Amino acid sequence: MRILKYLFLLLLLSLVALSIFIATQKGVFTVEKSKIINSPRSSVFSYASDLKNWKDWNSLAVEDSLINITYSNKTIGAGSFCNWDGKEGSGELKITNTKENDSILQTMSFNGNSADIVIGFKDTLGKTKVTWKAKGRMSFLFKVKTIFDGGANRIFGDIFEKSLANLDKKLDYEINTYNVNVNGVVKKLEAFYLAQTFTSEFSNVGKNSGIVFSKITTFCTNNNITVNGKPFVIYHTYDTTNKLTKISICIPIKKSIFITEGSEISSDTLKSFDAVKATLTGDYSHRDKALNKTLEFLKKNNLKTDPSFSHLEVYSIGKNEINNPSKCKTEIYFPTRPKVVYKNPVVIPAKTVEVTPKVIEEKEIPSEF
C-alpha cells in the first residue's frame, strides 16, 4: 500500500513538474518554408490569393475529405475570410492585405493558436519562389502537443511543406492545361453596355478589370439595371512597343440607358460586326498564344482587320465562376473589313461564285450575374 502511495506521489510530482515546465516554455513560434513553384508569378499569386482555392492545396483541407469550410461573400482581398471545422480542429483564416504579385498578409486562428502570416512571391525566370512565414502564439494544450510531436516548427512546417507541394502540383496542371481554337469568321451581335474607359499598361489590365467589373456590377445592382451577358473588354488601341492599351471595361445590359455627364461610367452601344473569333480554354496567361494564332488565321485567309478598334475579349467563364483555371474560357474577336468583290464586264452570261470564309452568327450568352 505504501509503495502505491509513493508511486502516486511520484506521478503527481512528475505531472506538476511537467506542467511547470510547459507553462514556462515560450508560447511564441516562428515558422518559415519556401518552394519554387513551376508557374508564372502572376498566376501563382492569383490562385493563392483566392480563398476559394484554399481547400485544393492547403494540406489541412486536402487530407481531410470531411472538412467543412464556409467562406465570406468575397474571397479575394482584404477582409475576405474562411472558417473550417475538420478532424484536426477548427479555425479561421482572414486576409488583411494583398500587394499585387508580391505578397498576401493573413491572420489565422487554429485550435486556440493565433498567427500572423505572410506569403511572398518572387519571380525566378518564369517560375515563382513562394515563401510562407508565420509568427504566432501557442495555447497551453498546443505547447503540450509540441513537446511530444517535435515542436511547433515541425508541426506547422510539415503543414507548410505539404501545402506548397500541393500548390505546385495543382498549378502545374491547372495553369499549363489549355487549348486555343480559331472558330473562324462570325457575326458579333449588337449589344448595349456600361463601361469605364482609360489607358493601362498591359501588366495592369487584369487587376484593373477586376476592380472595374465589380464597380459596374454594383452600379447595376444599386440602380436596378439588368445585366445581359458576360463581361468583356474592348481594346481600342494595343501598343506592343510601349506595352500600353486604351481599353473599355464593359458589362452588357438589356437596354440602353442615359447616364448624367461627369460620371466615370458611360453607356454605349456595340454595333454588330464581322470578326474572326478564337476561343481560349484555360488560364488567361496563355492569352498571347490565342492572339497570335488568330492573327495567323487572318493573314492566311487574307482578311483585313477593321481599324475601329484592335480586338475584343469576352470572359464567358471567368475565375469568379469556376475554381479551375484550366476550365476558364475567353473569347477573342478581331473585327474584319468586308472583302471587296470586283466584277468583270459580263460578255457571256455566267455564274460567278465568290469564295469567302463562312460567317457564323453569334448567339448571346445568358447572364450568370
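## Surface and overall make-up

The chain puts about 21400 Å² of accessible surface on show, with carbon and sulfur atoms supplying 54% of it. Keep in mind that this is a predicted model. Of the chain's 369 residues, 40% count as buried.

In secondary structure terms, you're looking at seven helices and 16 strands. Take the contacts between residues at least 6 apart in sequence: 68% of them join residues at least 24 apart.

The mean pLDDT of the chain comes out at 85, and 80% of the residues reach 70 or more. The stretch to watch is residues 364-369, where the pLDDT is below 50. Beyond near neighbours in sequence, that stretch still has 18 contacts in the model.

## Helix 6, face by face

Helix 6 covers residues 205-222, 18 residues in total. At 1.5 Å a residue it should span 26 Å, and its end C-alpha atoms sit 25 Å apart, which agrees.

Its buried residues are Val-205, Ser-209, Val-212, Phe-213, Ile-216 and Cys-220. Look down the axis and the buried residues of helix 6 fall within an arc of 110 degrees, so they line one face of the helix. The cover over them includes strand 9 (191-201), strand 10 (232-239), strand 11 (244-253) and strand 14 (311-317). On the face turned away from the buried side you'll find the exposed residues Thr-221 and Asn-222. Just after helix 6, Asn-224 takes a positive phi of about 55 degrees.

## A salt bridge out of helix 6

A search of the whole structure turns up 12 salt bridges. One of them pairs the side chains of Glu-264 and Lys-215, at 3.0 Å from N to O. Glu-264 belongs to the loop between strand 11 and strand 12 (266-270), while Lys-215 is in helix 6, so the pair ties together parts that are 49 residues apart in sequence.

How open are the two partners? Glu-264 is exposed, with a relative accessible area of 52%, and Lys-215 is partly exposed at 33%.

## Buried charge pairs

Glu-331 forms a salt bridge with Lys-277, and their closest N and O atoms are 3.8 Å apart. Glu-331 comes from strand 15 (residues 329-335) and Lys-277 from strand 13 (residues 273-281), so this pair ties together parts 54 residues apart in sequence. Are these two buried or exposed? Both Glu-331 and Lys-277 are buried.

Then there's Arg-287 with Glu-313, whose side chains meet in a salt bridge at 2.4 Å, N to O. This one links distant parts of the chain: Arg-287 is in helix 7 (residues 287-300) and Glu-313 in strand 14, 26 residues apart. Arg-287 and Glu-313 are both buried as well. Asp-288 joins in too, as Arg-287, Asp-288 and Glu-313 are linked in a network of salt bridges. Strand 14 has already come up here, being among the elements that cover the buried residues of helix 6.

Terms used:
Residues are numbered from 1 along each chain as its sequence is written. Side-chain values use heavy atoms; hydrogens and water are left out. pLDDT is the predictor's confidence in each residue, from 0 to 100. Contact means heavy atoms within 4.5 Å. Helices (H or I, at least four residues) and strands (E, at least two) are DSSP runs, numbered from the N terminus. Buried means under 20% relative accessible area, exposed over 50%, partly exposed in between (1.4 Å probe, protein chains only). Accessible areas come from the Shrake-Rupley method with a 1.4 Å probe; for residues, only the protein chains shown count as cover. The expected span of a helix is 1.5 Å times one less than its number of residues. The arc is that of the directions from the helix axis to the C-beta atoms. A salt bridge is a side-chain nitrogen of Lys or Arg within 4 Å of a carboxyl oxygen of Asp or Glu.
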